[in-house]
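Today I want to look up how two chains meet.

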Amino acid sequence: MDSSYSNKRFAEDIGVKFPLLSDWKRKAVKDYGVYNEASGYGMRATFVVDKDGIIKHIEEGRTAIDPTGAYQACNLFDKKKAN
Amino acid sequence: MIKRSASLVLLLAILALSAFAQQTITPPQAPAQQPAPPKTHLKVGQAAPEFVLTDTEGKEVKLSDFKGKKNVVLAFYVLAFTGG
């Protein structure tokens with residue numbers, strides 16, 4: 001929901017290596033059901049999606065700030081690959 | 001007659017007092033409940049909705065760009081630049 005420009009500054013400041021995407025029009029937050037009509041902002045949430053486009057893990061609210069759940073879900077992919 | 005008027009006044013006074021008492025004794029109403037934050041309608045095992053979003057270089061990135069190639073972690077990190 002932040003602009004691409006704000007995201008660029010943020011990415012530079014914290015040195016992220018993954019794509020930082022802007023949902024300026026609030027379409028993705030609505031499509032993913034994490035848009036708060038009352039505040040006009042999205043909620044913090046993490047979705048892990050596999051290569052087939054299927055949702056494998058959802059983390060919402062305060063716990064979404066902690067990447068542990070998403071990290072564990074990603075580990076499941078690695079384990080599947082190893083088997 | 002006087003006695004009757006006196007008792008009417010007394011009755012009115014009692015009614016007025018009880019109305020006042022009701023006003024002062026009634027506990028304050030609990031503050032209006034904040035609406036619950038939205039929960040996603042999506043479920044594990046469902047297809048993730050397609051998105052087309054812009055990266056920091058102005059390039060469009062779609063979920064379908066990664067189909068068959070990479071797993072995707074989509075983190076909605078709202079108001080990222082606010083330090084919140």
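Entry 1. I began with the strands. This is a predicted model, and in it β3(A) pairs with strand β3 (residues 72-76) of chain B through 5 bridges. The two strands run antiparallel.

Entry 2. Next I checked who faces whom across that pair. I found A:Phe47 opposite B:Leu74, which sits in β3(B).

Entry 3. Then I looked up the whole contact between the chains. Chain A puts in 45 residues and chain B puts in 36 residues. On the chain A side, several elements supply at least two residues each, among them α1 (4-14), β3 (45-49) and α3 (68-82). I noted that α1(A) gives the largest share of that side, with 7 residues. Sorted by class, the side of chain A that touches chain B has 24 nonpolar, 11 polar and 10 charged residues.

Entry 4. On to the largest nonpolar core, which holds 20 residues. Which of them touch the most other members? My list reads A:Val29, A:Tyr32, A:Val34, A:Ala45, A:Phe47 and B:Phe76. In chain A, α2, β3, β4 and α3 each give two or more residues to this core. The largest share, 4 residues, is from β3(A).

Entry 5. Why does this core lie between domain 1 (1-43) and domain 2 (44-83) of chain A? Because both domains give residues to it.

Entry 6. Last, I zoomed in on A:Tyr32. Leaving out residues up to four places away in sequence, A:Tyr32 touches A:Ala45 and A:Phe47 in chain A, plus B:Thr40, B:Leu42 and B:Pro49 in chain B.

Key. Residues numbered from 1 in each chain as written. Chains lettered and ligands numbered in written order. Predicted model: local features only at pLDDT ≥ 70, side-chain atom pairs only at ≥ 80, totals over all residues. Contact = placed C-beta atoms within 7 Å. Nonpolar A, V, L, I, M, F, W, Y, C, P; charged D, E, K, R; others polar. Pairing = 2+ DSSP bridges. Core = buried A, V, L, I, M, F, W, Y, C linked by C-beta atoms within 7 Å. Buried ≥ 20, exposed ≤ 12 C-beta atoms within 10 Å, placed from the backbone. Domains from an automatic or database assignment.
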